[in-house]
Amino acid sequence: MSLLEVKNISVEDVKTKEEIVSNVSFKLESNTCLGIVGESGSGKSMTAKAILGLTNPWLKVSGSVKFDNMDLLKVKGDTIRKIRGKRICMILQDAMSAFDPLYTIGYQMIETLCENTNVSKKEAESLSVDALEKMCINEPEQVVKKYPHQLSGGMLQRCMIALSMSMKPDIIIADEPTTALDSINQREVVEEFKRLREVAGTAIIFISHDLGVVQYLAQDILVMKNGKCVEYGNASKVFKNPEHEYTKYLIDTRLELTDSFRKAMILEDEICCCK
């Protein structure tokens, strides 16, 4: 039985009658990564929010989301909050809005850990510092004392990833988690996601524009366009032999950009050698 099974999930704006997501289905197995790719506005983030009931009140969500013999679309109140807090963690795309500006990073990390993992305040403080160290954050003891506005977007993104990973959930839904990071930090964070899946067995839904990262991390891939799934299957097979024209376009564009970068670097090396 799959860890998470999403069937025909749809999201409709009841005000405009616009269908934002239409009949998207997929499965997530334990200790695997599903990559969801597509252009901005394709419905990737909305699908992830719909799974956990995080959509706006004027959006109607239908379909089913089976997790641990429950349909998450029918679970309400404390039950769904406990699942969101402990068993399924979501890393939001906008790190600036994920933290309360009135409290320090450390206070919020400690409060979250104490609430969801039943550890003591002292243990939570130690776990918070350790988690930040794993994200290659310098002087984590000082970072936990800072307020969100004192940190960059990239730093907040890593703090949010660190907190999610320290919860050791069954599933992490990561919505563009490396967008605000430079290439060096991006690589470190991606490696940490891979290590978390391999060592802790955490399943991951990784939403990204970066096909290179998705190809490296994911065992399965879901390609979305205009709120619909246009291709879904084993990642290596899809990358080698895409069936849908849009998937071919995404892969060809990535290869073209990579090839252009490679040629530019070779040309730069030749120029340097001639000097």
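Mentor: Helix 10 provides three residues, the largest share of the lining of the largest cavity. Helices (H or I, at least four residues) and strands (E, at least two) are DSSP runs, numbered from the N terminus. The model is predicted: local features need pLDDT of at least 70 and side-chain atom pairs 80 or more, while totals for chains, interfaces and linings use all residues. Residues are numbered from 1 along each chain, and side-chain values use heavy atoms, without hydrogens and water.

Trainee: About how much space lies in the largest cavity?

Mentor: A cavity is a set of points on a 1 Å grid over the protein atoms alone where a 1.4 Å probe fits but cannot get out; lining residues have an atom within 4 Å of a point. Points are joined across faces, edges and corners, and volume is the space filled by probe spheres set on them. One cavity of 30 Å³ or more is counted. The largest holds about 40 Å³.

Trainee: How many residues of its lining are nonpolar?

Mentor: The lining includes Val 37, Phe 239 and Thr 247. Ala, Val, Leu, Ile, Met, Phe, Trp, Tyr, Cys and Pro count as nonpolar, Asp, Glu, Lys and Arg as charged, and the others, Gly among them, as polar. One lining residue is polar, none is charged, and the nonpolar ones number eight.

Technical notes
On a 1 Å grid over the protein atoms alone, a cavity is a set of points where a 1.4 Å probe fits but cannot get out, and a pocket is an open set with protein on both sides within 12 Å along at least five of seven lines; lining residues have an atom within 4 Å of a point.
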